[in-house]
Every structure is written in C-alpha cells, then in structure tokens.
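Have the sequence and the model open as you read.

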Amino acid sequence: MTGAVTTPFASPLPCAVSEQNSRGRRYSEPHPGHRNQFQRDRDRIIHSAAFRRLEYKTQVFVNHEGDLYRTRLTHTLEVGQISRTCAQALGLNVDLVEAIALAHDLGHTPFGHAGQDALAACMEGLGGFEHNIQSLRVVDELETRYAEFDGLNLTFESREGLLKRCSRDKAIQLGDVAARFIDGGQPTLEAQLVNVCDGIAYNSHDVDDGLRSGLISVAECRHNELLAPLFAEVESAYPQLNERRVIYEVVRRMINVQVEDLIAESRRRIHQAAPSSVEQVRKCDKPLIGFSADMARRHQLLKDFLFARLYRHYRVARMVNKMQRVVNEIFHLLLDEPDLMPDQPRRLAAHAAAKYGRRGHARAVSDYIAGMTDRFALEEHRRLFRPEELT
C-alpha cells in the first residue's frame with residue numbers, strides 16, 4: 001500500500017453504535033450468547049436467500065457475459081472489506097458496518113441499474129420502486145426463515161443503514177427507521193461510512209472491469225485526474241510490468257488513496273464536531289464521514305468519466321435496452337395475467353390484491369421480479385414469451 005500510514009485499530013468512539021446504545025429489534029429476542037447483536041445481524045444476512053441470489057445479479061456486465069466481471073455479490077464483499085478497514089481505523093462498530101455493507105444491495109433487481117430503472121418505471125403510479133427501500137423490505141418482510149416473525153428481525157441500526165435516500169412520503173410510511181428524511185439530521189457514523197465505501201468500491205471495480213472488457217482504455221484513464229498520477233507511479237516503479245498487472249496495481253492504489261483520504265478527513269470532522277453520543281451524531285446538519293474537498297472532486301470526476309465512457313458505451317446501452325425490455329414485458333404480463341405466476345408468488349399476489357387492490361398486486365409482482373437473478377429472469381422471459389420453450 002502507498003500513501004500515509006493510519007492507525008489500523010483505533011479506540012472505540014463514544015459516538016459509535018454499541019449494544020448498550022442500540023435501539024434494539026422490532027421483535028424481542030434473547031441475547032445471541034457467543035455473538036453480539038450486530039454479529040447476529042451479519043450472520044442472518046449471510047444465510048438469507050436474498051444474499052445468495054446476489055451471486056447471479058448484474059453489477060455492470062450481465063452475468064453470462066463473463067466469469068471474471070464483478071457481480072452484485074462480489075461488489076458487496078468488496079464494500080464490506082473496505083468498510084471494515086475504515087471502521088477499524090476510525091473506532092467505529094466494525095460488526096455493524098459489516099452487516100450494513102452485506103445487506104445494502106439485497107433489494108437490487110436483476111440486470112443492475114437497468115433492471116431497477118425498468119422496474120421503477122413499471123411501478124410509477126403504483127407505489128414506486130427504489131432498491132434501497134426494497135433492501136429494507138427484504139430484511140423486514142420478504143425473507144421467511146423464522147417461525148416467530150417475517151423478515152430477519154435485524155437491529156434498528158442495521159435497518160436504518162440500508163436507507164441512503166427516501167422521499168418524504170415514503171419516510172412517513174416507513175416510520176422511525178426513516179425519521180431523518182422527515183426531521184433532518186444524519187444516520188449513524190457506521191451507516192455514513194458504508195455509503196461512502198460503496199462509492200469507492202463501485203468506481204474502483206468498474207475501472208477494472210471496464211479495462212478488462214476493452215470498453216475503456218488505459219490511454220483514456222491516463223487523462224483522469226485521480227488515475228493519471230497512479231499510472232505514472234506504477235510505471236515508474238515497475239517499467240517492465242505487463243499491462244494487466246499495471247492495472248491491478250493502479251486499482252489497488254486507487255482504493256488506498258481514497259481510503260486514506262476518507263479516514264483522515266473523517267477524523268478531522270469528528271474531532272471538530274466532537275459528538276459524545278450517537279444521538280449527537282444524528283443531530284449534525286452534515287455528514288461527519290466523507291472525503292476532503294479535493295478528493296470528493298476527483299472522485300466525482302472519475303464517476304463522470306465512467307458514466308460517459310463505460311455506462312454509455314453502445315455495447316452497455318444495447319445490454320441495458322434488452323434487459324429493460326425483459327423486465328418491462330414480464331411485469332406487465334404478470335400484472336394483467338396473475339395466473340401465469342408460479343404458485344407461491346401467485347398466492348402472495350392474490351393476498352396483496354385482496355388487501356390493497358391493484359397497487360398491492362403490483363407490489364407483489366415487483367417483489368417477485370426484484371428477487372430474480374439475471375439467469376432466472378431470462379429463463380422466465382423465455383418461458384412466458386417463446387412458444388417453443390417448456391413452461
């Protein structure tokens with residue numbers, strides 16, 4: 001690793017979340033014994049069906065396009081690794097950070113943001129769809145593993161950390177877990193940290209996957225303000241290194257330079273604000289976890305570069321168009337013809353329709369589609385629309 005050296009393990013901050021200041025669970029349970037409450041959250045997330053499905057959900061490249069591209073699962077693991085490192089250095093609750101990181105994308109649709117955008121368009125006027133809110137829905141309602149409650153019954157702090165954004169109307173419906181979107185203020189430092197580390201992981205692995213795919217080039221990256229000095233550093237230190245290993249070294253340094261900046265700037269902000277409790281963190285008008293102004297600018301320039309050169313590449317645009325049509329066609333067919341759904345989702349849809357009408361039925365259909373993997377969605381589309389396919 002390059003850059004400044006930070007303390008790998010800091011003393012716990014008084015404003016970090018702990019078992020003692022946690023707001024607990026929606027349903028009371030005995031203490032987990034050999035684990036703390038946030039380790040229990042982490043373990044329940046890892047054992048959930050929604051977590052396993054992340055292995056076959058798109059990050060940028062659809063699952064069948066190559067075995068070495070990131071999936072939603074590998075992205076999640078990378079967010080967890082970066083978040084744990086930062087949490088240890090800052091003195092935050094590492095177990096809570098890990099739980100939030102592992103659960104933050106449980107509500108993501110197949111086909112990445114293409115699938116989410118398509119499902120959001122389908123649900124317009126029917127209650128809407130947003131993957132952060134869907135992640136909360138997964139852990140609160142849709143997982144059915146336990147005899148005494150629906151969902152995973154996670155701690156308040158883990159649930160709160162899944163909501164990066166939320167409209168005021170949705171926040172009113174969700175209640176206390178979304179109170180900050182009504183009253184203002186911030187979530188816990190742990191939730192703030194995962195939010196930033198998600199961006200670090202996202203940008204870094206998309207550079208790697210974009211270069212691997214050939215959709216962006218090393219020559220283009222040399223013009224980016226964040227990447228250019230890293231390429232120069234690696235090539236100066238290792239002039240005979242092959243391009244693939246140069247890329248690995250640059251991506252490693254790209255993560256490190258952002259992590260170092262994040263830790264240093266967050267320490268500065270926390271020291272300046274000096275919150276003595278979680279509640280004081282919540283009352284802050286701005287996040288206490290974040291990049292310096294210069295790194296935030298360079299981070300945004302990299303996002304802009306990836307948006308223009310990778311996400312809008314014609315090959316990605318073709319994939320997006322195809323996958324959005326798959327989601328759109330499945331949704332509208334099942335909305336109009338609920339008897340075409342398999343037994344379990346059909347029963348759930350009938351129950352929701354009886355209770356909430358067409359909006360309830362639409363929500364059940366969106367739950368069914370959001371829970372699909374890329375592979376299952378493509379197979380279901382073939383079964384529904386191609387006469388030669390077995391049903």
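A residue is called buried when its relative accessible area is under 20%, exposed when it is over 50%, and partly exposed in between, using a 1.4 Å probe and protein chains only.

## Ground rules

This is a predicted model, so to speak of local features takes a pLDDT of at least 70, side-chain atom pairs count only at pLDDT 80 or more, and totals for chains, interfaces and linings use all residues. Residues are numbered from 1 along each chain as its sequence is written, and side-chain values use heavy atoms, with hydrogens and water left out.

Let's start with Asp 367, which sits in helix H18. Helices here are DSSP runs of H or I with at least four residues, strands are runs of E with at least two, and both are numbered from the N terminus. With a relative accessibility of 14%, Asp 367 counts as buried.

What does Asp 367 touch, once its neighbours within four places in sequence are left aside? The contacts (heavy atoms within 4.5 Å) are Gln 134, Arg 137 and Leu 142. Arg 137 is also a salt-bridge partner of Asp 367, with the closest N and O atoms 2.7 Å apart. Because Asp 367 belongs to helix H18 and Arg 137 to helix H6 (residues 131–142), this pair ties together parts that are 230 residues apart in sequence. For a salt bridge, a side-chain nitrogen of Lys or Arg has to be within 4 Å of a carboxyl oxygen of Asp or Glu.

## Other salt bridges

How many salt bridges turn up in the whole structure? The search finds 32. Two of them share Asp 294 in helix H15. In one, Asp 294 pairs with Arg 297, the closest N and O atoms being 2.8 Å apart. Arg 297 and Asp 294 are three residues apart in helix H15, so about one helical turn separates them. Arg 297 is partly exposed at 38% relative accessible area, and Asp 294 is partly exposed at 38% as well.

In the other, the side chains of Arg 298 and Asp 294 meet at 3.2 Å, N to O. These two are four residues apart in helix H15, which again puts about one helical turn between them. Arg 298 is buried, with a relative accessible area of 17%. Elsewhere, salt bridges with shared partners join Arg 23, Glu 160, Arg 180, Glu 279 and Arg 282 into one network.

## Helix H16

Helix H16 covers residues 314–336; at 1.5 Å a residue its 23 residues should span 33 Å, and its end C-alpha atoms are 33 Å apart, which agrees. That expected span is 1.5 Å times one less than the number of residues. The buried residues of H16 include Val 316, Met 319, Met 323 and Phe 331. Its buried residues pack against helix H5 (112–122), helix H15 (293–311), helix H18 (358–370) and helix H19 (374–385).

Leaving aside neighbours within four places in sequence, Leu 334 is in contact with Leu 340, Met 341, His 361, Val 365, Tyr 368 and Leu 384. Leu 334 and His 361 are 27 residues apart in sequence, and their C-alpha atoms are 9.5 Å apart in space.

## Aromatic rings

Rings of Phe, Tyr and Trp (its six-membered ring) pair if their centres lie within 6.5 Å; planes under 30 degrees apart are stacked, over 60 edge-to-face, and the rest tilted. By this rule there are three aromatic pairs. One of them joins Tyr 368 and Phe 376 edge-to-face, 6.4 Å centre to centre with 80 degrees between the planes. Tyr 368 is buried at 13% relative accessibility, while Phe 376 is partly exposed at 30%. Tyr 27, Tyr 146 and Phe 149 form one aromatic cluster.

Phe 376 also has Arg 383 over its face, 5.3 Å from the ring centre. Likewise, Arg 244 lies over the face of Tyr 248, at 4.7 Å from the ring centre. A charge sits over a ring if NZ of Lys or CZ of Arg is within 6 Å of the ring centre and within 35 degrees of the ring normal.

## Cysteines

The structure holds zero disulfides, a disulfide being a pair of cysteine sulfur atoms within 2.5 Å. Cys 86 is buried at 0% relative accessible area, and Cys 166 is buried at 14%.
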